[in-house]
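Hi,

Here is the structure I promised to pass on. Have a look at it first, then read my notes below.

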Amino acid sequence: SAPKRNDIPSTYAVLLSSISSWPLPKKVQETSKGSPTKIECSVSISFFHLPSKQFYGSTFLGTEHPFQLNNSFELPMSNLNELVYFQTSINDPNCFIVIELVTTTRNPINEDVDKRFGSGWAIIKPFLDERLVQENDIVISSGEVKIFQGTPRELLQLKGDSASILKQLEQKNSSLSFQIWRPSHIGEIIKTSNVVGWQLLRS
């Protein structure tokens, strides 16, 4: 079945403010031992409709942040501060924002990308309260969501009690803090189903 939609599209702002502990993949941990490999972290953002098991809309690639290794190979990302906007007519509680954590290794000499690794993922439900959808500059949703193991493609395999399955995939001590609201006066410059960063709105 197709997602439920409103007649008029709405614009949303999403702030991904911090991650309590960025889980570094074992392959990256092994590569970085005794190696000068440069490591960076970023997020990608897309959308998923659970009943139809389909990703939709554009995928946004966020800013890459340098990763400073410690003995536990975990990093509190307190300054993630990824702010994006999207416009959609969808208003369906079964549609999620999907955030994937991406770890990139680079050659320290020429800065070329060596490999990219999925480091976990999270889901945010932006369409929970229909009463607030038409209100501007009001926080619709905020809080923390758990980071799951694997990649967002795990969503394609969900059957039965999806909540219990996701519970088993939770990364220990790793969560994402966020806020969602309806901004004023910017919807006319965003194409429907596109995700854009704040930098584009300043250009």
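**What I found**

Ser-44 is buried, as its relative accessibility is 11% (buried means under 20% relative accessible area, exposed over 50%, partly exposed in between, with a 1.4 Å probe and protein chains only). Before you go on: this is a predicted model, where local features need pLDDT of at least 70 and side-chain atom pairs count only at pLDDT 80 or more, while totals for chains, interfaces and linings use all residues. Residues are numbered from 1 along each chain as its sequence is written, and side-chain values use heavy atoms, without hydrogens and water.

Back to Ser-44: you'll find this residue in strand 2 (residues 38-49). Strands here are DSSP runs of E, at least two residues long, numbered from the N terminus. Leaving aside neighbours within four places in sequence, the contacts of Ser-44 include Thr-59, Phe-60, Leu-61 and Val-98 (contact means heavy atoms within 4.5 Å). Trp-121 is 77 residues away along the chain, yet its C-alpha atom and that of Ser-44 are separated by 9.3 Å.

Now for strand 10 (residues 170-181), which pairs with strand 1 (residues 5-23) in the antiparallel sense over six bridges. Two strands pair if DSSP finds at least two bridges between them. Strand 9 (residues 139-148) also runs antiparallel to strand 10, and eight bridges join them.

Which residue in strand 10 is the bridge partner of Ile-19? That's Leu-176, and Leu-176 is the bridge partner of Val-145 too.

Note on methods. Helices (H or I, at least four residues) and strands (E, at least two) are DSSP runs, numbered from the N terminus.
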